[in-house]
Amino acid sequence: MTPTTSPAMPAARPAAAGVRAIARVTAATQGGSTCLPVLDGDGPFELRRLRSRGSEARVCVVGAMSAPLGGDQLRIEATVRPGAALHITSAAATLALRGASGEPAAYDVRLTVEDHAELHWLPKPLISTAGSKLRQTWTIHLAPTARLVLREEQILGRTGEPPGQVTTRLIVRRGGRTLLDQEAAYGPGAPAWDGPAVLAGHRATGQILTVDPAYENNPPEVRLLADPAQDGQAVLTPLAGPATLVTAIAADGLSLRRVLDTAQAAPHVPAAPATAQ
């Protein structure tokens, strides 16, 4: 009798030290709306097509196995063709876990948004668990007329445990020119990561990057978007280009989400579609 795997249960991991997997999404226009000619995932990536909202196509990334673990090499590629609109979210938080090999995991996100296209990248938080090591890289290429809303949330350790090591680098190029190139490191081994100049003892951090040609002639001003006396705070800063960056810190994941939601609703930050349930 051939054994079967329940669709509700995560797939078993291979015995190898690490998993190599790639997920690819391509959005294109067809008949006034956005279609998905490429929707392909393997390993821990299961890609589900959600109900469209207007002309926007929506995709949810569902974890098919525990990942990333130490030694894993994972990559997501998303391309939005001219005039298309794409929204990508995830079904649950991503847990960075310690692997048997002790090697760091790599999580690479590559996004391309072409002329007059739009991408909302709004995944659930990344949780860096004790003993884990993760290197995450975002490489984003935007056409001069492209629009992007990218939100990321990082929670350093589960309740009652220390964080793992997480290093993130975000590189954004618009029209072939660098718009943003930043790197951050948290957890054991990262210099002064929880000191007053970085997280000041907070255990959650996140940001919202918004790129919109509408900012070209009307850039917003620097704004403090939350009360420092509360559990979190955020600041909105304009970039040297038609873009804004909201950077937030908070005591925990719930407080961070509230702070970023407040920032998302603030003037000069275009509201993103509601996250699918």
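## Salt bridges, stop by stop

Start with Arg257: the model is a predicted one, and in it this residue is partly exposed, with a relative accessible area of 28%. Arg257 lies in helix α1 (residues 253-265).

Next, select Glu153 together with Arg257. Their side chains form a salt bridge, 3.2 Å from N to O. The two belong to distant parts of the chain: Glu153 sits in strand β12 (residues 147-156), and 104 residues separate it from Arg257 in helix α1. Is Glu153 buried or exposed? Its relative accessibility is 4%, so Glu153 counts as buried.

Move on to Glu216 and Arg174. These side chains also meet in a salt bridge, at 3.2 Å, N to O. Here too the pair links distant parts of the chain, 42 residues apart: Glu216 is in the loop between β15 (204-211) and β16 (223-224), while Arg174 is in strand β13 (residues 165-174). Colour the two by accessibility. Glu216 has 45% and counts as partly exposed; Arg174, with a relative accessible area of 18%, is buried because the cut-off is under 20%.

For a last stop, select Arg75 and Glu77. A salt bridge connects their side chains, with 2.7 Å from N to O. To continue from here, note that the structure holds 13 salt bridges.

Notes: Residues numbered from 1 in each chain as written. Predicted model: local features only at pLDDT ≥ 70, side-chain atom pairs only at ≥ 80, totals over all residues. Heavy atoms only, no water. Salt bridge = Lys/Arg side-chain N within 4 Å of Asp/Glu carboxyl O. Helix = DSSP H or I, 4+ residues; strand = E, 2+ residues; numbered from the N terminus. Buried < 20%, exposed > 50% of the residue type's maximum accessible area, 1.4 Å probe, protein only.
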